[in-house]
Amino acid sequence: MDRSILISWYNLPAAARAAYLPWMHGGFIDRLAQRPGVLWAAHYEVKKYDIPARVRATTDQSVPTGNDYILMLGAASSHAFARPLDSFAAGSGAAPDSDLNAEDRKMLALRCDERISLFTEEARVDGPEIKTRPDRKSTRLNSSHT
């Protein structure tokens, strides 16, 4: 069960799409889904439409504006998106993208205006139908905290 989702919104220059999209969907996204702890990966092109007046975008210039594409990764824990524990013990700066090859780095560098959010589930309340889900067992919340 995914309890953490990493989302990357970004733009891509039109001239880069012919090379980038086949690379992303031709294997890179599958390799992302095979990383330890990652349960699924998805990539979408955002369909543009008129945004309702009730939805306001930030005017903070420090927030990147990417929204042409969305890359999403689901994991059992947010730890799947952190650098490996052994890199801390060794005092190295190994990043979670240390397994990227030269082509991966080149393609990822084509993205611009990227913003990333990490969503982590803190608590969950399961309804009576939870027993019908094959991947979950019923759980109870500690009522002393209500």
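User: Leaving aside neighbours within four places in sequence, which residues is His43 in contact with?
Analyst: With those neighbours set aside, His43 is in contact with Tyr10, Tyr20, Leu21, Met24, His25, Ile29, Tyr69, Ile70 and Leu71, and it should be kept in mind that this is a predicted model.

User: Which of its side-chain contacts are polar?
Analyst: The side chain of His43 makes a polar contact with the side chain of Tyr10 at 2.5 Å, and the His43 side chain also makes one with the side chain of His25 at 2.9 Å.

User: Is His43 buried or exposed, and why?
Analyst: His43 counts as buried because its relative accessibility is 9%, and the cut-off for buried is under 20%.

User: Where is His43 found?
Analyst: His43 belongs to strand β2, which covers residues 38-45.

User: Switching to the sheet, in what order do the strands come?
Analyst: The sheet is open and has four strands in the order β2-β3-β1-β4, with antiparallel pairing. Strands β2 and β4 (112-120) are at the edges with a single partner strand each, so one side of each has no neighbour in the sheet. On average, neighbouring strands are turned by 15° against each other, direction ignored.

User: And what packs on the sheet?
Analyst: Helix α1, residues 17-33, packs on it and touches β1, β2 and β3 (69-75), while the direction of α1 makes about 165° with that of β2.

User: How many bridges join β1 and β4?
Analyst: Strand β1, residues 4-11, pairs with β4 in the antiparallel sense over seven bridges, and Asn11 stands opposite Cys112 in β4.

Conventions:
Residues are numbered from 1 along each chain as its sequence is written. This is a predicted model: local features need pLDDT of at least 70, side-chain atom pairs count only at pLDDT 80 or more; totals for chains, interfaces and linings use all residues. Side-chain values use heavy atoms; hydrogens and water are left out. Helices (H or I, at least four residues) and strands (E, at least two) are DSSP runs, numbered from the N terminus. Buried means under 20% relative accessible area, exposed over 50%, partly exposed in between (1.4 Å probe, protein chains only). A polar contact is a pair of N or O atoms within 3.5 Å; within protein, one must be able to donate a hydrogen and the other to accept it, and residues adjacent in sequence count only if both atoms are side-chain atoms. Contact means heavy atoms within 4.5 Å. Two strands pair if DSSP finds at least two bridges between them. Axes are lines fitted to C-alpha atoms, for helices over the stretch in contact, and angles run from 0 to 180 degrees between N-to-C directions.
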